[in-house]
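Please read this briefing with the sequence and the three-dimensional view side by side.

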Amino acid sequence: MPTTSCVSLRLGPLVSLRTRSWQQGRSLHSNSLSCICQLSSLPKPLVTDFKTSPRQNVLTYEGDRGTKSLEEELQERTRKALRKSSNDPTATMKLIDTIQRLGIGYHFEDEIMERLERFSDGDAAGEENLFENALRFRLLRQNGLPACTDIFKKFINKEGKLKESVSKDTRGMLSLYEASYLATQDEDILFQAMEFTKTELTQWWKQLGLVDKLGFGRDRPLECFLWTVGIFPEPYYSNCRIELAKTIALLLVIDDIFDTYGSLSDLVLFTEAIQRWDLGAMEHIPEYMKICYMALYNTTNEISYRILKDHGWNVVPQLKRTWIDIFKAQLSEAKWFSEGYVPTQEQYLRNGVTTGGTYMALVHAFCLMGQGVTKETLAMMEPYPNLFSCSGKILRLWDDLGTAREEQERGDVASSIECYMREKTISCEEEARKHIRQLIRSLWVELNGMLVAPAALPASIVNASLNLARTAQVVYQHGDDSTVTSVNGHIERLFYNPLT
């Protein structure tokens, strides 16, 4: 079963997942690429023959210095890289960061500490370079060496705020944001950096003006951001979280249009316009839908441009398709409601995975992270992987357990609970809820089976898929029970209240 604490989303099963991913040959984290690039720039050893030793069951090579395992050779080359980079502090820090992110730092503890102690004794590299200063600070502090936030004073204006020029340094701000997770009391600049992400997201939402202009859409940008923290909590995914939170915020507004505001005839026009994915299609839809259409169209293209710039892939077709599928599935639910039709639980759940946004969120996450994105893996997004479907069913079912009564009161389509009761002709809601919980347990068994089986998808998106299912339990498992931490409570604890 998944963990049930927001804090534990970053612990426990994720550690074993990464270990298994490595053993099964899953795609490595993209940071491994920078490590490989730096190692590959070294002179190559004189290799005459690579072979597999039947006794050791490890890859070995034979050269001038006898037979070595490939692991021993890579360790030796990494140590050489650490020594060679000593004249370039920035290169050294990047290499140390990469090694530790890969989880292999224990092989090089002495070499790493020797280099970091030199940084601790000297002045900061790159005096006016925010990226280098923040990276140096983070590496020192997370490795238990003295690190003082005074090095960031040069980036503060007379009012005690980050200089405007710094806010435009995306790479530097991201590095500072990662460092902010290591803040102690009274280190205000690091708390400012953490606020940066929330501020940027909130400003985007306000500038978009959807809720102000529509008047009925849910206004919950930080709740959307909470979901993304659950899906990929690692500090280096800051930009990914911001972009994905935008899509979830849009999804809530679209869901409100279909569930509570739009007439069926308008919803048909809206869906047809989205399927065309052309601004010219807006002329046939009502005014209140035009701003939503434009916001979705522009945001999707902006995210696609970021992915193209960062990773070199044009993913407009993949991202567009996820939204078209959502609209078609939403329209199906609207027709069911209009006709008074209660689908079977299987019909409901198959459609509900799409309307719940799982496919949209995970395809966007996969492309934003950029790890293992190839022509072949992009092709695996159509049809959507079973991994996504399983995670999405867990999300949909937890959503129903947590919000079914509220949604029924506002006239929403029948939930999985009602579908099961109608299908099995039972009147006891608690019996139906018990069945839903059993179904969730079965889905976790299925999901765990995918985890241990060889897979072509990169470990990063496998992690994100499992985390989405875990986050659904954190958000929905207690419903409207006021005796436990609410969603707003999680937001306060994670984003506002300092650690004590």
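Helix axes are lines fitted to C-alpha atoms, for helices over the stretch in contact, and the angles between their N-to-C directions run from 0 to 180 degrees. This is a predicted model, in which local features need pLDDT of at least 70 and side-chain atom pairs count only at pLDDT 80 or more, while totals for chains, interfaces and linings use all residues. Residues are numbered from 1 along each chain as its sequence is written, and side-chain values use heavy atoms, with hydrogens and water left out.

**Overall make-up**

- The secondary structure of the chain comes to 23 helices and three strands, where helices (H or I, at least four residues) and strands (E, at least two) are DSSP runs numbered from the N terminus.
- Of the 500 residues in the chain, 52% are buried; buried means under 20% relative accessible area, exposed means over 50%, and partly exposed lies in between, using a 1.4 Å probe and protein chains only.
- Among contacts between residues at least 6 apart in sequence, 66% join residues at least 24 apart, a contact being heavy atoms within 4.5 Å.

**Helices and how they pack**

- Helix α12 (residues 238-261) and helix α17 (residues 358-369) have axes that come within 10 Å and cross at roughly 160°. That angle makes α12 roughly antiparallel to α17, since angles under 35 degrees count as roughly parallel, over 145 as roughly antiparallel, 65 to 115 as roughly perpendicular and the rest as oblique.
- The contact is made by Cys240, Glu243, Leu244, Thr247, Ile248 and Leu251 of α12 together with Met360, Ala361, His364, Ala365, Leu368 and Met369 of α17.
- α12 passes α17 in a right-handed crossing; a crossing is right-handed if the near helix is turned clockwise from the far one by less than a right angle, and left-handed if anticlockwise.
- α12 has 24 residues and reaches 34 Å from its first C-alpha to its last, close to the 34 Å expected at 1.5 Å a residue, where the expected span is 1.5 Å times one less than the number of residues. This helix is mostly covered, with 21 of its 24 residues buried.
- α14 (residues 287-311) packs with helix α15 (residues 316-339) at an angle of about 150°, their axes being 9 Å apart. That makes α14 roughly antiparallel to α15, and α14 passes α15 in a right-handed crossing.
- In this pairing, Leu296, Thr300, Asn301, Ile303, Ser304 and Ile307 in α14 meet Val316, Leu319, Trp323 and Phe327 in α15.
- Helix α22 (residues 459-476) is mostly covered, since 18 of its 18 residues are buried.

**Salt bridges**

- Side chains of opposite charge can pair when their charged atoms come close. A search of the whole structure finds 17 salt bridges, each being a side-chain nitrogen of Lys or Arg within 4 Å of a carboxyl oxygen of Asp or Glu.
- Arginine 115 forms a salt bridge with glutamate 114, with the closest N and O atoms 3.4 Å apart; arginine 115 is buried at 8% relative accessible area, whereas glutamate 114 is partly exposed at 39%.
- Lysine 290 forms a salt bridge with glutamate 287, with the closest N and O atoms 3.0 Å apart, and both residues lie in α14, three residues or about one turn of the helix apart. Lysine 290 is partly exposed at 22% relative accessibility, while glutamate 287 is exposed at 61%.
- Aspartate 399 and arginine 396 meet in a salt bridge (2.9 Å, N to O), and both of these residues are buried. They are three residues apart in helix α19 (residues 386-409), and therefore separated by about one helical turn.
- Asp97, Arg138 and Glu178 are linked in a network of salt bridges.

**A buried leucine**

- Leucine 116 lies in helix α5 (residues 109-121) and counts as buried at 0% relative accessibility.
- Leaving aside neighbours within four places in sequence, leucine 116 is in contact with Ile96, Leu139, Leu140, Asn143 and Leu145. Leucine 116 and isoleucine 96 are 20 residues apart in sequence and 9.0 Å apart in space, C-alpha to C-alpha.

**Backbone details in loops**

- A cis peptide bond, with omega about 0°, joins glutamate 382 and proline 383, and proline 383 is found in the loop between α18 (375-379) and α19.
- Tryptophan 277, in the loop between α13 (264-276) and α14, has a positive phi of about 50° although it is not a glycine, and this tryptophan is buried at 10% relative accessible area.
- Threonine 425, in the loop between α20 (416-424) and α21 (429-452), has a positive phi near 50° in a residue other than glycine, and threonine 425 is exposed at 70% relative accessibility.
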